[in-house]
Amino acid sequence: MAERLVELQNICKSFGNTQVLDDLNLYIRENEFLTLLGPSGCGKTTILRILGGFESPDSGHVMFHNKDITNLPPHSRELNTVFQKYALFPHMTIAENIAFGLKIKKKSESYIKDKISYALKLVNLDGFENRYPDSLSGGQQQRIAIARAIVNEPKMLLLDEPLGALDLKLRQDMQYELIRLKNELGITFLYVTHDQEEALTMSDTIVVMNQGYIQQIGTPKDIYDEPQNAFVADFIGDSNIIPGIMIHDKLVKILDANFDCVDTGFGENKPVDVVIRPEDVDLVEPEKGIITGTVTDVLFKGVHYEMCVMARDFEWIVQSTDSFPVDSKVGIWVDPFNIQIMHKPESEDEKAAVIDL
Amino acid sequence: MNKSKTTLLAAPYAVWSAGFVVIPLFIILFYGLTSENGGLSTGILQAAADPINQKALALSIVFSLIATLICLLIAYPLSLVLSALSGKAGRENTTFFTMLFILPMWINSLIRTIAWQNILERTGVINRFLNFAGLPELNIINKPPAIILGMVYDFLPFMILPIYNSILKINKDYIDAAKDLGANNIQTIFKVTLPLSLPGIIAGITMVFVPSLTTFVISDILGGGKILLVGNIVEQLFTLDNDWHAGSALSCVLMVFIIINILISELSERKDLSENSKGGIEL
Amino acid sequence: MKKSAWAGKLYLILVLIFLYAPIFTLIVLSFNDSKSRSHWDGFTLDWYISLFSNEYIMNAFWNTILIALVSSIVATLVGTAASIGMYRMKLPMKRLMMGVTNIPMLNADIVTGISLMLLFIACRMTMGFASVLIAHITFNIPYVIISVLPRFASLDKSQFEAALDLGATPVVAFRKIVLPDLMPGIIAGFLMSFTMSLDDFIITHFTKGPGVDTLSTKIYAELKKGINPEIYALSTILFAFVLLMLFLINMKNSDRTSRRRGPKNWAFLRKATAGISIGLFLCLSLTSCASSYDYDDENTLFVYNWGEYLDPTIIEDFTEETGIEVIYDEYETNEVMYPKIISGAAQYDLVCPSDYMIEKMISEDLLLPLDKSKLPNLKNIDPAYLKMSESFDPGNKYSLPHTFGTVGILYNKSMVDPEDSFDTWSILWDEKYKDDILMQDSVRDAMMVALKLLGYSMNTTDPNELREAQQLLMKQKPLVQAYVVDQVRDKMIGNEAAIGVIYSGEAIYTQEENPDLEYVIPKEGTNFWLDSWVILKGTKHEENAHKFLNFLMEPEMGWRNFDYITYSTPNIGGRALIEEEEIRNSEIAFPHLEDYYGLETYSYMGDDYERQMNRLWREVKSF
């Protein structure tokens, strides 16, 4: 794997009486597309602002290429930010906006001119040089904000929920755009969002956060398939999270029925949480299921149906390309590979994180 | 609510301002355009051509421009300091700072200006202190610098408040963005904060320039009667000469300058009608 | 980072010192035992005590507060309603209204004041409390509008609609939903207009009438002769009050650590504002000052006199004895008084102009002949002065001498070369005393000095002589420290200047305060002047006016007034009551007229002449 570009060591930060980050450690590799994912107020924006230099941590260090930049002011850092609401200077034209950083660095006129047209081409907004930001649509402003940041050739681009204000279609287009940009530029992206779909689509690595604590770090697939706790499981996609008891290795008891699984090492007769993704629940003939239930609700979702099944006083969410009529009896069967066992939360904070849901 | 009915709420004000703002201005114009025997006159042109008036007007313009510039140079950095301080401590401080600059106005401006005599006089506070310290005396009382100082003193709050307000209104993201793009604090101020607070600056300039241009009190109190500003002449034409026609004519000349000033501030305001930039305070 | 924060705070403190330094000076002066502001005579609280018994200052103060309060409340109501209406207007109309709103704010105060004055005169409206109030409301409304109107921009329209949807009537929805959002703007507008009204001088100066003084106009009237220390005391009390307010607001704010600026903050400010308003109203009703006077009231007398020219206790005694209420107003120069009378904007019964002004008023038929049968005390007046009066009032038909005196040179023995002789006007042209000379800031007095030095009559109409005198004054201007009126007194006491031109009446007082000062009547001759009471034609209180004049001529009153103002009294009985012999026989106060050369009184030369003189004087001051 590539070298570590940025490292956050033991970062603490509080605003007034509210502790936002508590002893947080995180590193970002070069060329990585890393996403901080979590609900609002989880501390992800604070991390970004600490990296950008807009906030200084109460304690801890920010390392950049193994150099301590904790106390370096924002303008001396080799990274640039794309702000949530773009923050394009309203009194400057698009060209002036893009040239802002370059002029500060006293680059030559011709260099700046080249850079502007290169950047505008890159974001597909040729010919917008002399317009003012308020004459642009949200998506266009967004792309200008990116252009303004990348002309400075930062080692790392910080993006603070950059797609939050765009509508759905535009958001999807921009996701592809961002991936393309990242590949073309070959720099590190730190992306902050609360949208799990964005995170899963674009990232190399996702950091799931809640209440100032990192819940899980991993590839999108890791995070999705093997959430380490109920918070992650619930936050990433839809999940059936059911309390259960680990009878012994590879056997878990849920809702008074024994399910085969592949997990080991949880001890014997230990309470655990069990995560089963809706698409992993197979609805079969009642007699073929491990347990049986009744379909209470069916919604057509385009590519699949989403159904609610009441079985042993638990409401299962099931996604399937086949539909069963409401009130029909069905059997529930789950492939052992698709059963994900998680420890019950132990620390007070983790518990808080779960209860908060 | 019924739109036309709601609009009627502005009717009392419309009537009031027609009666007490618009008509009185026409009365001045009427006096300016007529002579004592009732005929039309070229009083306005005469007033503009009179060398005494010209000199007073020129002096007034120079003094008030200098005073306005000094106010701006004092008020802008101050507003930056204030907004930095209020930014840290939350919104409540804004009220406190605003009050801090409004409250001196609750003590009558005349008496405060008179107090400057005591401070600046030959035997005044400053010179006693300088004598005590063995330094040369400061002798500006009854001279132009004292008048300019009086103008700066009296009208400084009118420069501070709109600028402070407009700086407070600047979205913090713009400042962060500028720093993020490599601008240091000074560069950020000149390239981002300053242009974005322009409405406040222009409002402040108007609020200081016009009263400085037309004051007669400050030159009376701190000028030792040796310096006639255009306001002094207008005042004397009304109260000493009892010559309303000449006084109105000179007022009309004065208004030309005021109108120019208003037009400039109108132009800058076109951009956003909603902006509360003119000396309005926000608590 | 740290360093710049400190620099910022230091800078803030420096600016605050600049803004508050004059106020601290006022506070110090309020404890000064000397009536003259220019030297420190030790600590006293006397001014605070006498402040509350000084009816004029207290009246002016309550007027100021009442006008500020009423005008800002009316402006807040009208302005808020107007803002709501304007918000709903179509753009061209809205623009027009905004344009009109900008006029009083961007226009010069002096133009606004003059235009309103001309309007009131055109409408034949008597200027007084009401005219000032109208003027203040007029310039206050725009401050409310610019504070309230922008609030609509941040208003959430759907909230209002939601309220309607939930069954509220538009009025209720407005009161419950919109008004709370507008409140900060409304309060800011109120506060701003209250402040502007408190601080206004110029507009009030042009729109006020008799008997109505605000603090500013009172201070301006006193400016020419030196401020009454009670005003310093009042300012100090006001400042303490203001500081307390600021402290309370700040305390309330730091009380809450929460970063939210909740409605709580407003609730507090609102309560505070309401509290202050109620408190002020209570005070107002307690002091029950009659701020507006009815000229038609039979039991009154409207007197217009020079500033500091009558012992106020004499008026009190008069009112006590006769039950006639005296509405007393002051002016600084004849030239200020005259237009007020002539414009008819102000109604008075008794005025005390100078000789030449009386001549002018007689020629314009403005005066009522005195009924001497109602003035038995006329016997107390020295016939010598009545004879002098004949030069402007033949037969003493219209006027009754109040004071008299000469114009001369006051010099400071400790500051001048003893070799020089000071009994000549030419000393005022001595380069040696550059910046040490105080000249009178009135046309006639200044021209008199130059004309006398040139050996001409002070009443000359010869254009060449006048031009010559003007040139002489222009030559003198670089040597002059300041052109002042009665301030020459304070400045000479405080060693601010070495030589000044002064009225003999001030000389005695200044010598008491500063023994280094010496008064001389120049050998080239000077002005002998008389200020005399006259009754204005059209008075409705002829009887009262005669009673008042007769009362003033009682020996005791003549003496008391001399003691109070130190201007020479023509009242022989009064002079005899003076205890100190050297003052009773003072050559300064009571000169033997026959011993001096070239004493003249001013004559009235006609309006055109006056305007011509004013213009000559403006040229002196301007170039």
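**A walk through a predicted three-chain model**

The C-alpha centres of domain 1 of chain A and domain 2 of chain A lie 38 Å apart, and the domain assignment places domain 1 at residues 4-225 and domain 2 at residues 240-355, with bounds that come from an automatic or database domain assignment. This is a predicted model, in which local features need pLDDT of at least 70 and side-chain atom pairs count only at pLDDT 80 or more, while totals for chains, interfaces and linings use all residues. Residues are numbered from 1 along each chain as its sequence is written, and chains are lettered from A and ligands numbered from 1 in the order in which they are written. The model scores ipTM 0.89 and pTM 0.84.

Two strands pair if DSSP finds at least two bridges between them, and strand 9 of chain A pairs with strand 3 (residues 33-37) of chain A in the parallel sense over four bridges, with A:L37 standing opposite A:V208. Strand 9 of chain A also pairs with strand 10 (residues 213-218) of chain A, here in the antiparallel sense over five bridges, and A:M209 has A:I214 in strand 10 as its bridge partner. Strands 9 and 10 of chain A form a hairpin with two residues between them, and A:Q211 in the turn has a positive phi of about 50°.

Chain B has 14 helices and zero strands. Its C-alpha atoms fill a box of roughly 75 × 70 × 35 Å, taken along the principal axes, and 56% of its 283 residues count as buried. The largest nonpolar core has 153 residues, and B:V152, B:M159, B:I160, B:V208, B:L250 and B:L254 are those with the most contacts inside it; such a core is a set of buried Ala, Val, Leu, Ile, Met, Phe, Trp, Tyr and Cys residues joined through C-beta atoms within 7 Å. Helix 8 (residues 144-169) of chain B gives the most to this core, with 16 residues. Apart from it lies another core, of 101 residues, among them A:L8, A:Y86, A:M156 and A:V207.

Chain C comes to 25 helices and 10 strands, and its C-alpha atoms fill a box of roughly 95 × 65 × 50 Å, taken along the principal axes. Buried residues make up 48% of the 623 residues in chain C. The contact between chains C and B takes 99 residues from chain C and 97 residues from chain B, where two residues are in contact if their C-beta atoms, placed from the backbone, lie within 7 Å. Helix 1 (residues 2-30) of chain C gives the most to the side of chain C that touches chain B, with 12 residues.

Confidence is the last point to consider, through pLDDT, the predictor's confidence in each residue, from 0 to 100. The mean pLDDT of chain C is 86, and 91% of its residues reach 70 or more, but pLDDT stays under 50 over residues 256-264 of chain C. Where pLDDT is low, the predicted coordinates should not be read in detail.

How values were computed
A residue is buried if 20 or more other C-beta atoms lie within 10 Å of its own, exposed if 12 or fewer, and partly exposed in between; C-beta atoms are placed from the backbone.
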